[in-house]
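Have a look at the view below, then follow along.

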Amino acid sequence: MKVIFMGTPEFSVGTLEALIRAGHQVVLAVTQPDRAKGRGGKVQESPVKEAAKRHGIPVFQPERIRKPEAVEELRKYQADVMVVIAFGQILPGEVLEMTPYGCINVHASLLPDYRGAAPIQWAILDGRKVSGVTTMQMDEGLDTGDMLLKEEVVLDKKETGGSLHDKLAQIGADLCVRTLEALETGQIEGEKQPKESPTDYARMLDKAMGEVDWSQTARAIEQKIRGLNPWPAAWTMWKGKLLKIWEGEVLSSKDLLREEDPSAHLPGEVVTAGKDGLVVQTGEGRILIRELQLAGKRRMATEEFLRGVTLQEGEILGEKEAER
């Protein structure tokens, strides 16, 4: 097939590479304009643009895909299908209907669950045991088009947003190739989605979401630590500094290092600090923190961290400086 590929982040690159390996003719890669990133403000190309250049594929970077001149540029390539994966702009109806096979989207959830921008992380934040990828015939709604193929993946008990991202990127690449083959041979028929999703909209992540609310349950906090790893990362405040938390474990009653009444400690209070890590009281249960990173420092195991700082039992994590 002649394919116009639309995508921007690293998650999209595996699918682009898979389409090329499968023998499809990718005639154009459409991606977001180059942006300034990082503290230095250096302008960077998107991962999809970098991959397209490696393969000699023309690149188109419209500020707004809805503009008439952008639509006409796409029309020039007379593609059979468009493949869209994390492109970052909403497509107008005339683009969705431009090619014989329409626009095929690779979405990192088992639709109709987790429509939206961050389905990978929200599956972990919500404590799901299974996630997956869905290919979809796009319509003008937000992830509401007819479902084509799905593939599930069982989440590891230590699954992070980063590890699940990598798994689903690989699964999505293979699923997209199989979807195009089935479309071309007429062996697939779309399944309509229900109007309403059974889950909340998987809204975009931001840094503020990483703040740990110690009044939540230990399980909810542990899921936040995993789901927001590597970005934006779970964090709390300690002595006026931001402290990122990279790994934690919910303690069962048999694992508790002390048997006193949990109500004797406040949420966020350090119960013990030692070679096994920090045991912190939450609103329900306790969590063992195994890996930390103080602002301006590198990530390190809690045991190593405690050799360089004085963090004692009874201190309260999450207190703002004015409250201390």
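## Aromatic and charged contacts

Searching the whole structure, which is a predicted model, turns up one aromatic pair. An aromatic ring also takes part in another kind of contact: the charged end of arginine 299 sits over the ring of tryptophan 246, 4.1 Å from its centre.

## A nonpolar patch on the surface

If you turn to the surface, you will find a nonpolar patch formed by Ile90, Leu142 and Tyr201. Together these residues have about 320 Å² of accessible area.

Where does leucine 142 lie? Its place is the loop between β8 (130-137) and β9 (146-154). Leucine 142 counts as partly exposed because its relative accessibility is 48%, and the exposed class needs over 50%.

Helix α3 spans residues 68-75, and its buried residues are Ala70, Val71 and Leu74. Viewed down the axis of α3, these buried residues fall within an arc of 100°, so they line one face of the helix.

Glutamate 63 belongs to the loop between β5 (59-60) and α3. With a relative accessibility of 52%, glutamate 63 counts as exposed, since the cut-off for that class is over 50%.

For a sense of distance, pick the C-alpha atoms of glutamate 63 and valine 154: they are separated by 38 Å, and the two residues are 91 residues apart along the chain.

Note on methods:
Residues are numbered from 1 along each chain as its sequence is written. This is a predicted model: local features need pLDDT of at least 70, side-chain atom pairs count only at pLDDT 80 or more; totals for chains, interfaces and linings use all residues. Side-chain values use heavy atoms; hydrogens and water are left out. Rings of Phe, Tyr and Trp (its six-membered ring) pair if their centres lie within 6.5 Å; planes under 30 degrees apart count as stacked, over 60 as edge-to-face and the rest as tilted. A charge sits over a ring if NZ of Lys or CZ of Arg is within 6 Å of the ring centre and within 35 degrees of the ring normal. Patches are made of residues with over 30% relative accessible area and no salt bridge: like charges are joined within 9 Å, nonpolar side chains (Val, Leu, Ile, Met, Phe, Trp, Tyr) within 5 Å. Accessible areas come from the Shrake-Rupley method with a 1.4 Å probe; for residues, only the protein chains shown count as cover. A salt bridge is a side-chain nitrogen of Lys or Arg within 4 Å of a carboxyl oxygen of Asp or Glu. Helices (H or I, at least four residues) and strands (E, at least two) are DSSP runs, numbered from the N terminus. Buried means under 20% relative accessible area, exposed over 50%, partly exposed in between (1.4 Å probe, protein chains only). The arc is that of the directions from the helix axis to the C-beta atoms.
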